[in-house]
Amino acid sequence: MTSEVIKGRPLNGKADYLPFVNPATGEQFGSVVMGTEADVQNARREMATAARAWAAKPVKERVRIVRQLQTLLIDEMDEITAVMNQDNGKSRQDALAELFMTVDLINQYCNRAPRWLRRRRISPGLQIFKRCYIEQHPHGVVGVIGPWNYPLVLILPPVISALLAGNTVLVKPSEVTAATGVMIEKLFQKLPELAPFVRFLHGDGRVGAALVQSKPDLIFLTGSTKTGRLVMRAAAENMTPVVCELGGKDPMIVLEDADIEAAARWGAWGAFYNTGQTCMAVERIYVVESVYDRFLEAFLEETRQLKQGYSPEIDNLNDIGPLTFQRQVDIIEDHVEDALTKGAQIIHGGNRDGMYMEPTVMVNVDHSMKIMREETFGPVVPIMMVDDEVHAIQLANDSNLGLSASVWSRDLARGERVAKELYVGSVNINDTMSHFAIPRLPFGGVKESGIGRTHGKKDLLQFTQTRAYVVGNPPLPFDIATILRQPGNYKLGSGIIHLAFGTSPKQKLKPVVELIEDKEVKPKARKVGTAVGLTAALGAAIIAFVLRTRK
Ligand code: NAD
């Protein structure tokens, strides 16, 4: 890719470029000019206008147009993985894995969007003369802000969800992988039916902040917990809803009945894949005492076999590449240093050559150390011995973060039981990280790991607002809505409450019994009252039955 300049003027009156730098080689291979505040405002206005035309299209028509992106991603996969490899340092195959997950998600969402978004009938309760339904309407303009560690699969899916739901989109890719952001923008520009409904804003956090200030109707952020706080604070000024997919400190628990070889293999993979720069990477491992030595030995064996290096070729046998972002190097080294000072020990790796950091295994760790408590986001994994399952659960939950976790046991029922005790968004039993690659399985965090979910029906629906409709002729005199609004109907209202919502036959029939027992009421009136009461009770029972079957 050659050097290029996209529209936009400098922020702060001076030319601000985002260089495209290959982290594996340090070589600069292009740049893009950052967007300005005026660019953000103009894009916001343009997308607000375009939103009407896009939302007016039937869902099936939006699906037809979005499918063109699926086709293009498959047609251009080699060019796409080449840019990602140069931009992020990840292998072509790891870039392909991102593309795989992206097209899988587009495919499944396109198949299901018409069903997920369709209008639904809702029971009117006792207001039986009304017809109720709900529809999903787009928010309007959605702002999608993304990170650098998975610059394709963490940008395109929220953009696609927003579009399928009928929104137009402002996209702010990460400044660290700006070349991938520009590449994705070019893909959209190749699709004339889709391009008018998406605008890209290239730049750093200042452009992200300007996007938030421009008052989009919904913000979808994937990034650090620190940025999550900043974005939520700024968005609160305008009451803009925010979905946050933030950092993690995912625990892996190895129980005494685990398949130790498999746990070691996939645990090492989960810790070091993408050089540990994954939100749901295995960031800490708890192993029950009786299998600790065996697990450690197997884990070290797996780690020793990992090949580290960079290649721009499709045929590449390296398992892990360089780190992508210099800021991350400082955080990782700070965590390692802090742990060593407090008595931890490195038993594998620990060395760094520029952006290449060896896969590193630490032991003698405890929860006073940053390496056990804060997101490290690098190829370092601490392994801690625990007494038993209860101890493992307690330590796994001892965190401000709660993205996901993994549990290893041959007894799947036990694995599920332990999983239920973990306060996280997802639990993977006998595997690591694979849960993210299931497009209809909700993914997201609790605690400081985020708000909202990506993937699945709820993901798509969060890009919509629910609008409720009640349809009917003006209220009839014997409509419950009339009775309760008409003064003088207290006793009637009370009787209806008993009959319709009483929780036992005795409570339901209380007004009828009171009427029968009332000495003041003349016998004939009592008979009439009894008949009316029983008829009403029967009527209520029939209504309740009909309502239940109509749901
Ligand atoms: P980051 O928070 O530094 O940046 C994320 C994005 O926010 C970037 O595009 C950045 O320019 C933008 N940004 C920065 N300041 C902003 C501001 N004030 N207003 C608006 N936008 C602003 O995160 P990162 O370093 O790019 O990504 C790594 C982090 O993302 C890690 O913490 C990782 O765990 C997390 N992450 C989470 C998930 C998830 O699904 N939960 C997935 C991947 C990464």
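1. Val407 has Ile429 as its bridge partner in β19. Strand β18 (residues 404-408) and β19 are joined by four bridges and run parallel. Two strands are said to pair if DSSP finds at least two bridges between them. Strands are DSSP runs of E with at least two residues, helices are runs of H or I with at least four residues, and both are numbered from the N terminus.

2. The model is a predicted one: local features need pLDDT of at least 70, side-chain atom pairs count only at pLDDT 80 or more, and totals for chains, interfaces and linings use all residues. Residues are numbered from 1 along each chain as its sequence is written, and side-chain values use heavy atoms, with hydrogens and water left out.

3. For the protein as a whole, the secondary structure comes to 20 helices and 22 strands. The C-alpha atoms fill a box of roughly 100 × 60 × 40 Å, taken along the principal axes. Of the 551 residues, 53% count as buried. Buried means under 20% relative accessible area, exposed means over 50%, and partly exposed is in between, with a 1.4 Å probe and protein chains only.

4. An open sheet of six strands runs in the order β7-β6-β5-β8-β9-β21, and its pairing is mixed. The edges are β7 (198-200) and β21 (450-451); each has a single partner strand, so one side of each is left without a neighbour in the sheet. Strands of a sheet pair through backbone hydrogen bonds, either parallel or antiparallel.

5. Within this sheet, strand β5 (residues 141-145) is joined to β6 by five bridges, and the two run parallel. Val142 has Val169 as its bridge partner in β6. On to β7, β6 makes three bridges, again with the strands running parallel. In β7, Val169 is partnered by Val198.

6. Strand β6 (residues 168-172) is largely enclosed by the rest of the structure, because five of its five residues are buried. Both faces are covered, with Thr168, Leu170 and Lys172 buried on one side and Val169 and Val171 buried on the other. Thr168, found in β6, counts as buried at 0% relative accessibility. Thr168 and Pro23 are 145 residues apart in sequence and 33 Å apart in space, C-alpha to C-alpha.

7. The ligand is surrounded by 31 residues, the closest being Lys172, Glu175, Ser224, Thr227 and Glu375. By type, the shell residues divide into 14 nonpolar, 11 polar and six charged. In this scheme Ala, Val, Leu, Ile, Met, Phe, Trp, Tyr, Cys and Pro count as nonpolar, Asp, Glu, Lys and Arg as charged, and the others, Gly among them, as polar.

8. A backbone N or O atom of Gly146 lies 2.7 Å from an oxygen atom of the ligand, and one of Gly223 lies 3.2 Å from an oxygen atom of the ligand. A polar backbone atom of Ala209 is 3.4 Å from a nitrogen atom of the ligand. On its own the ligand has 850 Å² of accessible area, and the protein covers 93% of that; the areas come from the Shrake-Rupley method with a 1.4 Å probe. The elements that give two or more residues to the shell are α7 (205-213), β8 (218-222) and α8 (225-237).

9. Ser161 sits in helix α5 (residues 156-164) and counts as buried, at 0% relative accessibility. The side chains of Ser161 and Asp459 are joined by a polar contact of 3.4 Å. A polar contact is a pair of N or O atoms within 3.5 Å; within protein, one must be able to donate a hydrogen and the other to accept it, and residues adjacent in sequence count only if both atoms are side-chain atoms.

10. An open sheet of three strands has the order β3-β4-β22, with antiparallel pairing. At its edges stand β3 (120-122) and β22 (464-471), each with a single partner strand, so one side of each is left without a neighbour in the sheet. Strand β4 (residues 131-138) is joined to β3 by three bridges, the two running antiparallel. Arg120 stands opposite Ile134 in β4.

Methods
Near = heavy atom within 4 Å.
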